[in-house]
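User: I'm new to this one and would like a slow walk through a few parts of it. Could you put it up for me?

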Amino acid sequence: MDTLGLMSTVCLRSWMETSHEALLQHLGVEQHYAEEHFKSLQPTAALLRRQIQCTVQAEEAATPEKWGAFSYHAEHNNASTLPTYVRTDMHGHRHVVLDPNNMQTGSRLVSIGQIKICRDQSMLAYTVDTGDGSEVYDAVISIIGQPGTVHQLSDVVSIEWAGTDALVYTQPDALGRPYKVMLHRLGQQQAADRCILQEDQPDCFLELATTSDGAYITINSNAKTASEVHLLSTSNPSNAPRVVQRRIPGLEYFLSHHRGHLIILTNARGAVNYQLMSTPSHEPSLPNWRTLVPEREGIALRDMEVFAGHAVLYENQGMQPAVSVLSLPCQPETASLMPPPQKQAASTLHASPLACRNNQNGFCANKQVMHGDVLSATGGKHPLQPGAVPQQRADLQPLEQPPASQQQNYREPDLHQRSGLDNTQQSTQSCSQQERQQQQQQQQHSSQDTQPVQSGGAHLQTIPMPPWVMSVEAGANLDYHSSTVRLKMASPVRPQHVFDYHLDTGQLQQLAVEHIEGHDPEDYMCHVLYASSHDGTQVPMTIVHKRGLKLDGSHPTLVTVYGAYGECLETGFEAERLSLLERGWVVALAHVRGGGELGRRWHAAGQSTSKMNSVLDLEACLDHLLHKGYTRKGLVALQGTSAGGLLVAALLNRRPQDLLAAILRVPFVDMFTCMTRPELPLTVHEYGEWGNPADPKVLLQMRKLCPYQNVARAQYPPVMATCAVPDSRVPVWCPAKWVAKIRQHQTADPPVLLLHTLDTGHFAHESDLLENSVLEYSFLLDALHKT
């Protein structure tokens, strides 16, 4: 029964949800209307296209990564749309591993999902889209260096090799949720493949990974607030996978393997921003976990890579990325990584600063990497002390430091209340009696082993890096026995620099720099500002503009936002932005709550019933830019993708008259309808992020937040939105309904446009990126011209 009267909202556009053919006709009309508008912008678009092509199509220096007897790299050149993956042997002979430029689905180049090479490097497996953008792929298996396909599998989400004669893969259920793990033996038909694990809990997705040493495939069953990992031996994949630790509500963990021990990244025992732990692989459950690196004040541990002698930790310290390297003992498989708990000695660990990882892209980049993507980096050695803060880099000193009394204001939310239920309700509704016993077990052990243990003189060493670095991406780092780790560093004004860090010597070696013709980073400024939000929380913004900018309020400004799922907004180099910066624009990246820039508490403070904080943070960023004279009302454009589009649309409702324009890529603008329909893909899985509408308080908050539900008569600025018919994350009717309602309530005549695609899903194809930027920037320049 709907006691609040919210579910009975009547919408004249509800036919879009149920009548697919009628919706396709409507989208065709919308597309024609938008294309007619862009015809008048062709001269501007042509100029932008030439300018952007000069920057984004720069030749990229080849920087191969060595793995055993071969070196691998991706070749980018002006003659090809997609990268070509090649390897070179010890004699310098070049072999093409995979060239997507020779593959098509219909009239479009294919989109590659994953590329996996088996451990002896003789076989290749990769996933390729089926042409419908559904994020369900075909898997192709071939022998490297020999033409032709050995075998092809259908209905695949992710893949991993188990030795050289078996492939493990996940399959989706009817809603697209990866729920089944299958074992395929080369030479047999797919119909004979065996299911080795099935996840029936509807809020859990199965994901595959291989430990760095190749010993295990990890089968990760992840909900938004809990995880469970199963280990499958790559040498004996027919054996049943073994669970590490059964799911406990609120417990998240991810792991790798090192010499008979599991190295675990986890929030166990209250480590909200994660700690590094270890346990013998034959005693994997939670009571045996011991701390290697504890949670540290002001530091968020985000990811790790494990090598034969080192663990590389990717972390965040405030708005600064960094990488730490922990030396690991090189002992036999049977040796303990650490002394028994009762013999723990005082710590000899040493600490360092940290790094960041990013995601969000929709109708935007579908960035592919050969074997992984992580972020990282910064420098020096110093003892690990509670609350220790890394040395600040001079170029990242914010112009306005938040007052000390306000720097920790975002710590109030309890991570266990992210679903909108209290802890007791959550435990009762989401875990069995056995799981509740395990939860009690976790609490009993929470006071034990909270200090780092002596580990053979092991220490953390921070990686020194140039003072301008604001983004670090890890290379493929395929070789477990490598003495170097590949890192790619950039900033919003400096293109990618490729480095190898020598793990044994501490030397950082620069290998290559991406060259952009005519671009001088010294012509631009990049710094961090803090805006004071409604509750006093200081919200960071990364600001980019031409050097010598006068703060006279005259500059058009593009504010980009995401703020969801604990993801960090990208702060690397995006060449297409130069076309705006050269025209005097200011670019601002708003790192609002809900993102991961300031750790897990920052994320929790902008999700579920606290999600309005994200909107108010974005509004505070707008007001701060106005107050400081970077721009003025009517000159600020907003840009958001997916969950970021929700924030843009919400601010459009609050401040339509103050904005120049808005660009929303596959925006999640009718979250109220989506989250109240559990039969839709992802809805149940998303309860951890947005809340469960079964709780009346959550339902009421969703109604207040939802942009579509709160559109009112107003003078909206020019709006450009995109959607994708096969999108399984944001239903195509979601942006379509919103655009129609905005247009209906518009009191002026600025354009409100909707573009759609039929053959790509939530993520744009790489071949479309240039034209997408041209359309967006010509739209912005036209809006500015008409002010």
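Analyst: A word on terms before we start: a residue counts as buried when its relative accessible area is under 20%, and as exposed when that area is over 50%. Please keep in mind that this is a predicted model.

User: OK, so is His257 buried or exposed?

Analyst: His257 has a relative accessibility of 5%, so it counts as buried, and its place is in strand S19, which covers residues 253–258.

User: Switching to helix H12, which of its residues are buried?

Analyst: In H12, which spans residues 696–705, the buried ones are Val698, Leu699, Gln701, Met702 and Leu705. Seen down the helix axis they fall within an arc of 165°, so they line one face of H12, while Lys697 and Lys704 are exposed on the other side.

User: What covers those buried residues?

Analyst: The cover includes helices H8 (612–627), H9 (643–654), H10 (671–675) and H11 (687–690).

User: What caps the N-terminal end of H12?

Analyst: Asp695 does, with a side-chain oxygen that lies 2.9 Å from the backbone nitrogen of Lys697.

User: Last topic: which residues touch the most other members in the largest nonpolar core?

Analyst: Among its 91 residues, those are Met541, Leu664 and Trp738, and the largest share of this core, 9 residues, comes from H8. Apart from it lies another core of 23 residues, including Leu48 and Phe779.

How values were computed:
Residues are numbered from 1 along each chain as its sequence is written. This is a predicted model: local features need pLDDT of at least 70, side-chain atom pairs count only at pLDDT 80 or more; totals for chains, interfaces and linings use all residues. Side-chain values use heavy atoms; hydrogens and water are left out. Helices (H or I, at least four residues) and strands (E, at least two) are DSSP runs, numbered from the N terminus. Buried means under 20% relative accessible area, exposed over 50%, partly exposed in between (1.4 Å probe, protein chains only). The arc is that of the directions from the helix axis to the C-beta atoms. Contact means heavy atoms within 4.5 Å. A polar contact is a pair of N or O atoms within 3.5 Å; within protein, one must be able to donate a hydrogen and the other to accept it, and residues adjacent in sequence count only if both atoms are side-chain atoms. A nonpolar core is a set of buried Ala, Val, Leu, Ile, Met, Phe, Trp, Tyr and Cys residues joined through side-chain atoms within 4.5 Å.
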